[in-house]
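Hello,

Here is the structure for you to look through. Please open it beside this email.

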Amino acid sequence: MSDSMIMNQSEAERSGLVFRHRLSVRIWHWVNAVTIFVMMMSGLGIFNAHPMLYWGEYGANIDHAWLTLDRFPGWATIPTDYNLALSRQWHLVFAWVLAFGLLFYFIRSLINRHLQKDLALSRAEVAPSHLWVDIKKHARFDFSESEPRYNPLQKITYSLILFVIMPVLILTGLCMSPGFGGVLPWLTDLFGGRASARSIHFICTAAMAGFILLHIILVILAGPYNEIRSMITGKFRLSPEKSS
């Protein structure tokens with residue numbers, strides 16, 4: 001290692017600036033952010049065609065709906081005017097971006113061991129006492145960080161999104177597709193029918209929306225400049241009082 005590299009590294013350590021996010025993670029994050037928002041808005045446009053949810057194989061006006069909502073306003077949908085065909089086109093195009101983006105993310109994360117190094121929970125981290133300390137810290141709005149790794153609550157939340165919510169969204173979306181539904185009838189049966197798959201799809205979408213809202217709030221509270229910079233450049237500044 002050259003003298004200049006040693007000097008730059010030592011300067012970064014003294015300033016608390018560390019490398020946090022790999023390039024593949026940063027690219028996937030921003031592509032996925034756009035994809036999710038487009039899919040949510042186009043999905044609401046599709047939902048407006050029949051804003052009722054059912055359990056079972058089929059669902060129609062004469063059946064009992066477990067949830068009935070008003071149609072979403074134009075500013076929340078793609079396109080802004082009601083157009084079921086166009087909403088489906090937008091949704092389908094970005095569904096491929098979501099599915100293949102998630103696949104490539106998993107492959108890349110296995111190769112560079114991002115999943116094992118950054119998301120895998122240790123025994124100490126899942127201990128109730130350790131989790132309780134982390135919960136109390138968040139409850140106090142204490143977002144100071146002494147190391148670049150994710151904390152246990154972040155790992156649990158991100159793992160639920162990556163390994164549960166997003167895969168279920170993709171699979172239930174396939175169940176509602178007429179083309180795939182005929183090719184993979186067992187998949188529809190797995191979710192209890194096409195109407196049930198639609199309900200689960202909506203519930204997972206609501207969970208994703210809740211996660212995004214909470215994520216944005218926490219980014220603002222933790223310091224948006226530092227958090228957003230880390231997802232653009234990869235560099236994150238640790239809390240001064242704990243970085244030494």
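This is a predicted model: local features need pLDDT of at least 70, side-chain atom pairs count only at pLDDT 80 or more; totals for chains, interfaces and linings use all residues.

Residues are numbered from 1 along each chain as its sequence is written, and side-chain values use heavy atoms, without hydrogens and water.

Confidence comes as pLDDT (the predictor's confidence in each residue, from 0 to 100). The protein averages 86, and 91% of the residues score at least 70. Residues 1–12 stay under 50.

Now helix α10, residues 194–222. Helices are DSSP runs of H or I, at least four residues, and strands are runs of E, at least two, numbered from the N terminus. α10 has 29 residues and reaches 41 Å from first C-alpha to last. That is close to the 42 Å expected at 1.5 Å a residue (1.5 Å times one less than the number of residues). Its buried residues (under 20% relative accessible area, 1.4 Å probe, protein chains only) include Phe202, Met208 and Phe211. Among the elements covering them are α2, α3 and α7. Gly223 follows α10, with a positive phi near 115°.

Last, helix α3, residues 84–111. Why does Trp96 count as partly exposed? Because its relative accessibility is 42%, and partly exposed runs between buried and exposed, the latter being over 50%. Trp96 lies in α3.

Best wishes

Terms used
Contact means heavy atoms within 4.5 Å.
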